[in-house]
Amino acid sequence: MPTIGLGTFQMSSEDAENAVKNALQSGYQLIDTASAYMNEKAVGRGIKESGISRDQIFLSSKLWPSLYNDENAVDDTLARLDTDYLDLLFIHQPSGDFMAGYRQLEKAYREGKIKAIGISNFEGEDLQKLLDEAEIKPQVIQVEAHPYYTQDVVRKTLEQYGTRIMAWYPLGHGDSSLINEPVFSELAKKYNKSNVQIILRWHMQMGFIVIPGSTNPEHLKSNIDIFDFELTDEEMSEISKVNKNVRYYVPNKQQTDAYANAQLDFSNEK
Ligand SMILES: NC(=O)c1ccc[n+]([C@@H]2O[C@H](COP(=O)([O-])OP(=O)(O)OC[C@H]3O[C@@H](n4cnc5c(N)ncnc54)[C@H](OP(=O)(O)O)[C@@H]3O)[C@@H](O)[C@H]2O)c1
């Protein structure tokens with residue numbers, strides 16, 4: 001799968017449609033969305049408008065917990081995205097009857113409706129339960145990861161399954177303190193790149209798949225221009241010193257459990 005793509009969290013339908021079209025026309029091959037983002041229909045339109053053929057695009061989405069027991073959830077997702085298959089479908093949260101959601105993914109995988117199975121935001125006991133009970137192990141996990149939080153425990157747990165990490169908030173959701181860490185400014189000068197490009201290159205060399213969000217056409221272009229330089233082992237070690245083992249979003253069990261009852265209303269999705 002592609003190692004870099006576009007994330008569409010918090011994008012309005014109009015922004016998502018334009019960003020997806022611009023990204024694909026600029027050479028992106030991976031687009032990530034979710035039922036909860038309420039922009040799957042717009043993502044589908046952006047794909048069509050780009051003129052890029054579907055088989056050149058790696059498309060991922062996520063099932064929200066209130067859909068885990070809805071047997072039409074996968075077909076409805078495909079319909080909103082106006083596509084016959086997904087390259088990757090995640091269950092979005094370790095909430096409610098998440099194994100029912102996972103069984104839907106396994107069924108869809110066997111039927112060829114999805115080409116890979118993913119989980120998102122799993123860790124600890126929930127991750128272990130899922131790994132113990134899964135008939136098909138997850139191929140990708142999407143979790144918060146960036147130079148301040150490198151997901152060492154989850155990486156270690158999943159190493160034996162070959163599960164790839166897809167990093168959300170790869171730029172700390174645009175946090176200027178992270179982006180402007182002196183180590184990134186120094187390396188940006190050395191390689192004639194931007195601080196963001198250095199961070200994205202670091203993700204790639206960590207083995208992470210990365211999906212920075214952007215609606216800015218210039219950012220979209222520069223974010224994928226990271227294949228013409230390589231950070232040295234010493235530079236990767238220098239960057240590891242900014243790790244604070246701190247994340248921007250600390251999961252709260254009560255809130256995560258409540259997601260199972262948070263119904264999505266697709267009737268107004270544009
Ligand atoms: N599974 C989950 O629970 C979960 C949770 C959160 C996010 N995600 C996924 O992860 C993706 C990425 O997260 P995110 O979009 O919230 O955060 P992010 O990628 O860490 O940061 C996005 C922010 O960085 C800015 N940015 C992007 N490129 C830039 C550049 N070259 N220079 C300066 N600023 C730049 C963007 O502003 P501009 O628009 O101005 O460029 C935007 O404000 C999401 O879109 C979504 O697909 C998943």
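Which residues in α2 meet which residues in α3?

Analyst: E40, K41, V43 and G44 in α2 meet T77, R80 and L81 in α3; two residues meet, or are in contact, if their C-beta atoms, placed from the backbone, lie within 7 Å. The model is predicted, and local features need pLDDT of at least 70, side-chain atom pairs count only at pLDDT 80 or more, and totals for chains, interfaces and linings use all residues. Residues are numbered from 1 along each chain as its sequence is written.

Helix α2 covers residues 40-50 and helix α3 covers residues 73-81. Helices (H or I, at least four residues) and strands (E, at least two) are DSSP runs, numbered from the N terminus. The axes of α2 and α3 are 7 Å apart, at an angle of about 50 degrees. Such axes are lines fitted to C-alpha atoms, for helices over the stretch in contact, and angles run from 0 to 180 degrees between N-to-C directions. That angle makes α2 oblique to α3 (under 35 degrees is roughly parallel, over 145 roughly antiparallel, 65 to 115 roughly perpendicular, and the rest oblique). The residues of this contact divide into two nonpolar, two polar and three charged. Here Ala, Val, Leu, Ile, Met, Phe, Trp, Tyr, Cys and Pro count as nonpolar, Asp, Glu, Lys and Arg as charged, and the others, Gly among them, as polar.

Helix α8 (residues 182-191) packs on helix α9 (residues 195-206) at about 100 degrees, with the axes 8 Å apart. The two are therefore roughly perpendicular to each other. On the α8 side, F184, S185, L187 and A188 take part, and they meet N195, I198 and I199 in α9. This contact holds five nonpolar, two polar and no charged residues.

Next, the surroundings. The protein has 12 helices and eight strands. An open sheet of eight strands runs in the order β1-β2-β3-β4-β5-β6-β7-β8, with parallel pairing (strands pair if DSSP finds at least two bridges between them). β1 (6-7) and β8 (209-210) stand at the edges, each with a single partner strand, so one side of each has no neighbour in the sheet. Inside this order, β5 (residues 117-120) and β6 (residues 140-144) pair in the parallel sense over three bridges, and I119 stands opposite I141 in β6. Helix α4 (residues 98-110) lies across β3 (58-63), β4 (88-91) and β5, and runs at about 165 degrees to β4.

As for overall extent, the C-alpha trace of the protein spans about 55 × 45 × 30 Å along its principal axes.
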